[in-house]
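Have a look at the picture first.

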Amino acid sequence: MSTKNEHQDSGDALATTPPRPSRRRFLQSAAAAATVGAAPHLRAQTQTPIPAAPPAEVRSPVPGRPVTLTINGRAYTLQLEPRVTLLDALREYAGLMGTKKGCDRGQCGACTVIADGRRINSCLTLAVMHEGENITTVEGLASNGVLSPLQRAFIEHDAFQCGYCTPGQLCSATALLNEFRNGTASTVTADVRSRPPQLSDDEIRERMSGNICRCGAYVNIVAAVRAVHEGGEQNVASGSGSSDNRHNA
Ligand code: FES
Ligand code: FES
């Protein structure tokens, strides 16, 4: 139990002992000292001109050269650098925006076109490599405004949602039907030495496996391809871009 005298003693002691700086006061003093110490440096920084960055290396562009591509039966002469992909040539130079750029690295199939009857990923190949070939894009599948059987089947079977993958799916499926008709085997064909006996759903799925659909319309895509195949309709896209060899239902 403290007594009045004890309080008085301690009060006296506080009165006689020099006051100790509080923690807050100490921090305030330290901060002020640091600011003062840094000030000359800051002044020096503001007064010293910052050396200008060296000029960026200017690379002379690779000169383009005229490249003639036959797309959907029409000749396009484009001024292309050698490094331009076929996909960019189609979209950015020829103005054919139907072919889509998805991954731009050969993984999604959105950029599939048909070159001389073969389906290829146009993002993985250079345009200059396809001079003299007949290239078919989705714009070349319809004939005089009449959709190809596959295009109609895609609509009838609801084989797309957002539609971004659809141009590639259509080109791929068009070439697929021709490949099967020509007796080309796939990795699920039981005996690759003989013609695949039928275009089963497994065959269609395998042959379309390079075309990704992020909307997941796979079931309906297979149904559309099967319907065209079973309907016996020919979807020949020889790459000529001409509709002469295409039969419409
Ligand atoms: S954009 Fe060519 S495969 Fe994806
Ligand atoms: S329909 Fe949307 S990605 Fe295939």
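## A helix and its sheet

Helix α5 covers residues 166-181, 16 residues in total, and spans 22 Å from first C-alpha to last, close to the 22 Å you'd expect at 1.5 Å a residue. Keep in mind that this is a predicted model. Most of α5 is covered, with 13 of its 16 residues buried. After the helix comes Gly183, which has a positive phi, near 85°.

Now zoom out. The chain holds seven helices and five strands, and along the sequence they come as α-α-β-β-α-β-β-β-α-α-α-α. Of its 249 residues, 32% count as buried. Take the contacts between residues at least 6 apart in sequence: 61% of them link residues at least 24 apart.

What order do the five strands take in the sheet? They line up as β2-β1-β5-β3-β4, in an open sheet with mixed pairing. At the edges sit β2 (74-80) and β4 (118-121), each pairing on one side only. Ignoring direction, neighbouring strands here are turned by 40° against each other on average.

Further in, β1 (residues 65-71) and β5 (residues 134-136) run parallel and are joined by two bridges. Ile71 stands opposite Ile135 in β5.

| Helix | Strands involved | Angle |
|---|---|---|
| α5 | touches β3 (112-115), β4 and β5 | about 35° to β3 |
| α3 (residues 86-93) | lies across β1 and β2 | about 100° to β2 |

So much for the tour: we end back at α5, which packs on the sheet.

Note on methods. Residues numbered from 1 in each chain as written. Chains lettered and ligands numbered in written order. Predicted model: local features only at pLDDT ≥ 70, side-chain atom pairs only at ≥ 80, totals over all residues. Helix = DSSP H or I, 4+ residues; strand = E, 2+ residues; numbered from the N terminus. Buried ≥ 20, exposed ≤ 12 C-beta atoms within 10 Å, placed from the backbone. Contact = placed C-beta atoms within 7 Å. Expected span 1.5 Å × (residues − 1). Pairing = 2+ DSSP bridges. Axes fitted to C-alpha atoms, helices over the stretch in contact; angles between N-to-C directions.
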